[in-house]
Amino acid sequence: MVAASAVTSTVPAPPAARPRRRALGLLLFLALVGSISTALWIGAAHLPDPRRAVLSSGIWIALLGCVTLTTVNLTMRWFRWHFLIRRFTRGLITRDSLAVYMATLPAIVTPFFVGELVRVLILRRKSGTRASHLVWVWAIERLLDAAVLTVFFLLVTHPALGLGAAVVVLGLTYLMFRLILDDRHVRNVALIGSIAVTATVLAWLLPAVALLITVGLAGRVIPFALGVKAFSAGTLFGGLSGFPLGVSVTGSTMIEELLDRKSTRLNSSHITI
């Protein structure tokens, strides 16, 4: 009996389902944040007939599209951050990375996004990674955001200049990663730089498309190029203003861009999200 109990006690317990539940919970939270952002965005739209719109299947399909785009936008931004962090912190697992990102997501309301630097303290304590590397990731994200939005704006207003700016951004991105990465082989640097730029482009295209859908719900149809121009200009000037989310400057810039094409009855909070 003693031997049997000893054998039984050495049998490993089945793995707990808690990590899987935690990851699922984080993903659901991400979807919730995207849904709330979309609800605020859509709620600011002046629908021509709100009562009829609620019963319209087209409105619900468009709303689902906005929720999906907003959620995927947040996911892409987390993926870019996680991908860059993993270049310096191999021990950081995906579940913990997502938890840290979600916990610090409200930091985007701080001036110039400096609140996101709290992730440096959290990750340095968890993984022991050098703070300088983590700060570099934050700086790279901000630079890529500004560069990609600038290219968007120039591609619409001055296509030739925009193409030239895109080439410059790709070249500077390569040089930047060449300076900070440990593995500086051409293939590795080019791969990491291209993934970071691609993730940034996709992340910022999604809310621009969501803006077009929202304007459509308000009974207005605007060209894709105009929507991208308004979104990129508003977001750029809002970021440069230093105000939380660029509420005043971002909204007013977007309104000015859209009013130039007589797209009236738009609320400034459209672009704030």
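Reply: pLDDT is the predictor's confidence in each residue, from 0 to 100. A contact means heavy atoms within 4.5 Å. This is a predicted model, and over residues 263-273 pLDDT stays under 50, while the model has 33 contacts there beyond four places in sequence. Residues 1-9 also stay under 50, with zero contacts beyond four places in sequence.

Me: What is the mean pLDDT of the chain, and which elements have the lowest and the highest mean?

Reply: The mean pLDDT of the chain is 77, and 67% of its residues reach 70 or more.

Me: Why is the pair of Trp-81 and Tyr-101 called tilted?

Reply: The structure holds three aromatic pairs. In the pair of Trp-81 and Tyr-101, the ring centres are 5.6 Å apart and the planes stand at 45°. Rings pair if their centres lie within 6.5 Å; planes under 30 degrees apart count as stacked and over 60 as edge-to-face, so 45° leaves this pair as tilted. The pair links distant parts of the chain, with Trp-81 in helix H4 (residues 57-86) and Tyr-101 in helix H5 (residues 94-103), 20 residues apart.

Me: What makes Trp-81 and Tyr-101 buried?

Reply: The cut-off for buried is under 20% relative accessible area. Trp-81 has 3%, so Trp-81 is buried. Tyr-101 also has 3%, and therefore counts as buried.

Me: How do you know that Trp-204 and Phe-231 are a tilted pair?

Reply: Their ring centres are 5.9 Å apart and their planes are at 50°, so the pair is tilted. Trp-204 is in helix H9 (residues 186-217) and Phe-231 in helix H10 (residues 224-241), 27 residues apart, and the pair links distant parts of the chain. Trp-204 is buried at 13% relative accessible area, and Phe-231 is buried at 4%.

Me: Why is the contact of Asp-145 and Arg-80 called a salt bridge?

Reply: A salt bridge needs a side-chain nitrogen of Lys or Arg within 4 Å of a carboxyl oxygen of Asp or Glu. For Asp-145 and Arg-80 the N to O distance is 2.8 Å, so the pair meets the cut-off. Asp-145 lies in helix H7 (residues 131-157) and Arg-80 in helix H4, so the pair ties together parts that are 65 residues apart in sequence. Asp-145 is buried at 10% relative accessibility, and Arg-80 is buried at 4%.

Me: What does the salt bridge of Glu-116 and Arg-142 tie together?

Reply: The closest N and O atoms of Glu-116 and Arg-142 are 2.8 Å apart. Glu-116 lies in the loop between H5 and helix H6 (118-127) and Arg-142 in helix H7, so the bridge ties together parts that are 26 residues apart in sequence. Glu-116 counts as buried at 5% relative accessibility, as does Arg-142 at 17%.

Me: Where do Asp-145 and Arg-142 lie relative to each other?

Reply: Both lie in helix H7, three residues apart, about one turn of the helix. An α-helix has 3.6 residues a turn, so residues three or four places apart point the same way. Asp-145 and Arg-142 form a salt bridge, with their closest N and O atoms 3.0 Å apart.

Me: Which residues are linked in a network of salt bridges?

Reply: The structure holds five salt bridges. Arg-80, Glu-116, Arg-119, Glu-141, Arg-142 and Asp-145 are linked in a network of them.

Me: Why is H5 described as largely enclosed by the rest of the structure?

Reply: Seven of its ten residues are buried, so H5 is largely enclosed. The buried residues are Asp-96, Ser-97, Leu-98, Ala-99, Val-100, Tyr-101 and Met-102. Ser-97 has a relative accessible area of 0% and is therefore buried. Leaving out residues up to four places away in sequence, Ser-97 touches Trp-78, Trp-81, His-82 and Leu-92.

Conventions:
Residues numbered from 1 in each chain as written. Predicted model: local features only at pLDDT ≥ 70, side-chain atom pairs only at ≥ 80, totals over all residues. Heavy atoms only, no water. Phe/Tyr/Trp six-rings, centres within 6.5 Å; stacked < 30°, edge-to-face > 60°. Helix = DSSP H or I, 4+ residues; strand = E, 2+ residues; numbered from the N terminus. Buried < 20%, exposed > 50% of the residue type's maximum accessible area, 1.4 Å probe, protein only.
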